[in-house]
Structures are given as structure tokens and as C-alpha cells.
Amino acid sequence: MITVFGSINMDLIATTERLPKPGETVAGNGFATAAGGKGANQALAARRAGRYVHMAGAVGKDAFAAEALALLDDAGTDLSLIKHVDGPTGTALILVGGDGENMIAVVPGANGQVTPADAETAIGRMDEGDILMLQLEVPAAAVEGALSAARAKGVTSILNLAPLIPDAPRLGRLADIVIANETEFERLAGQEGMDTQAREAALVRLHAETGQTLIVTLGADGVIAIRDGAISRAQGLKIEPVDTVGAGDTFCGYFAASLDDGLDFVSALRRAAVAGSLACLKAGAQPSIPLSEEVADRI
């Protein structure tokens with residue numbers, strides 16, 4: 001079983017020919033709303049990958065709450081660990097340029113009311129060998145509580161080191177598996193401007209220090225990882241991206257689901273990388289997450 005402990009948002013998405021520079025206003029050419037939040041996105045990806053998933057988090061008592069949970073509910077995700085709190089549901093304001101790149105501002109809302117007690121409740125329903133997936137869009141204290149409880153119970157923890165909050169390097173040391181993009185990994189390693197050789201050396205160094213499985217997503221260049229002393233690489237698909245906003249979360253959810261399904265590590269990386277590529281072909285974070293059959297066909 002997979003439990004995702006994290007954020008639930010509504011995404012408000014505007015599309016433009018290009019992203020604005022600081023202080024600049026550009027004309028938009030489209031607008032849409034979509035369910036989002038890194039936690040909810042990853043939970044839906046794991047569910048669409050075919051695994052049984054609990055989602056733990058919080059939504060507000062507002063008009064966005066039901067819409068934010070609709071796709072998770074439709075997919076058969078267990079929502080019993082989600083609490084409804086006073087105030088707004090979390091929101092993300094997203095600009096998507098004509099080349100598929102994006103800019104995002106996140107307003108926590110109800111996500112800011114997720115607590116260490118909620119983490120204890122979620123882990124209490126898990127068994128040794130289950131998988132816990134986390135991100136950094138809920139308070140650091142709650143993430144730390146979940147990671148500590150997971151380790152005490154023998155639950156495998158996967159931490160996506162996003163967004164890049166100040167506590168990210170410290171929290172990253174507490175997880176069994178860490179997933180980061182290039183920028184996030186540089187913060188974890190304490191070294192900026194890495195080239196390919198420097199990144200691989202940093203992976204080896206950190207792995208030797210912590211024993212953790214470390215995974216770095218590289219966008220169009222696929223993924224590099226280290227586990228049990230061995231470097232692994234996997235490639236996604238060559239595509240023309242429409243919207244990259246859901247790619248990272250899709251990778252994370254599919255990777256967790258693949259491990260839960262018993263795939264070997266390299267096969268799990270490859271399946272997740274292909275799924276992340278396919279998520280770039282549609283707009284929106286959750287609507288773009290592919291079904292397991294689509295990923296299998298492309299592999």
C-alpha cells in the first residue's frame with residue numbers, strides 16, 4: 001500500500017505566448033482550473049499506475065474543496081485521511097508559456113494546517129514494508145514527524161525534495177529515498193552549477209555518507225540515480241512538450257507505484273520517466289497524468 005502525505009490544491013492556470021520577465025505584463029491566451037497540489041498529483045499518479053493509495057492531507061471549507069478531490073475520488077483513492085478545516089483550500093497560480101515551461105506561486109491555505117499529529121494518524125494505518133510518499137508543500141514539522149514515524153515502523157519513505165524550502169537539506173537526510181530535480185539536488189549537495197561529472201561525484205559522495213537511494217530528474221535528459229552503490233540511468237520519451245507542470249509529480253507517483261508493484265529499481269525508473277514524458281503532452285497537472293496502459297504501450 002502507498003500513503004501520500006502532502007498537499008492538495010486547486011490550480012489556476014493561465015497560458016501565454018511566453019513567460020513574463022520580472023515587472024512585465026504579457027497577454028494571456030487561455031485560462032483553466034484543475035485539481036493539483038504535489039501530494040494529490042503524486043497520489044493520483046500512483047493510483048493511475050494501478051496501486052492502492054491513501055491520500056492524507058487537508059482541504060478548506062470552500063467551493064474549491066470538492067473540485068480539488070474529484071479526480072482522486074473518481075480514481076478510487078482512499079480519502080479517509082483528509083481533514084476539512086476552516087479557511088480556503090490551497091491554491092497554485094500557474095503561468096504556462098508557449099514552449100511548455102511554467103512559473104508557479106503556491107498559496108498554502110489548508111495545507112498549512114497539516115500537523116505532526118496528522119502524520120502519526122496516517123502512519124498508524126500503515127504496515128512494515130508499505131510506502132510513504134512526501135513532498136514539502138505542508139509544514140516541515142509535519143513532514144519531519146511523518147518521516148520519523150515511518151522509520152520507527154519500518155515503512156519505506158520517499159521524499160520529493162520540492163518545493164525547495166530552507167529545511168529541505170535537513171529533511172532530505174531523514175528519508176529512505178530522495179527524489180530531486182537538478183536545482184534541488186544542488187541544494188541538497190551544497191554545490192551549485194554542477195556539470196554531469198560533478199553531479200555523479202556528488203551522488204556517490206552523498207550516498208556513501210547516508211546510504212540513501214538518491215534520484216535526480218534531468219528533464220529531457222532522463223534521470224540518474226544511485227542505489228546500493230550502483231549508478232543507474234533511464235530515459236523518457238522524445239516529445240514536444242505542451243505543459244511540463246505535472247511531469248515531476250507523475251514521475252514520483254509512478255516510481256512509488258512501480259516499487260510497490262515489485263518492479264526492479266531500473267525498470268521502475270524507466271517506467272516513471274516514460275510516464276513523466278507523457279504528462280507533458282496535456283495541460284494541467286492531474287488531467288495530464290497518463291493511465292498505466294498508456295505508459296505500458298509507450299514502453
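**View 1. Strands E9 and E10 within the predicted model.** Strand E9 (residues 156–160) pairs with strand E10 (residues 177–181) in the parallel sense over 3 bridges; strands are DSSP runs of at least two residues, helices (H or I) of at least four, numbered from the N terminus, and pairing requires at least two DSSP bridges. Ile-158 has Ile-177 in E10 as its bridge partner. This is a predicted model, in which local features need pLDDT of at least 70, side-chain atom pairs count only at pLDDT 80 or more, and totals for chains, interfaces and linings use all residues. Residues are numbered from 1 along each chain as its sequence is written, and side-chain values use heavy atoms, with hydrogens and water left out.

**View 2. The open sheet.** The sheet has 9 strands in the order E5-E4-E1-E8-E9-E10-E11-E12-E13, with mixed pairing. Strand E5 (78–85) and strand E13 (230–234) are the edge strands, each pairing on one side only.

View 3. Ser-288 lies in the loop between H9 and helix H10 (292–298). Ser-288 is buried, with a relative accessible area of 2%; buried means under 20%, exposed over 50%, and partly exposed in between, for a 1.4 Å probe and protein chains only. Residues up to four places away in sequence aside, Ser-288 touches Gly-246, Leu-278, Ala-279, Lys-282 and Ala-283, where contact means heavy atoms within 4.5 Å. The side chain of Ser-288 reaches the backbone oxygen of Ala-279 at 3.2 Å.

Conventions: A polar contact is a pair of N or O atoms within 3.5 Å; within protein, one must be able to donate a hydrogen and the other to accept it, and residues adjacent in sequence count only if both atoms are side-chain atoms.
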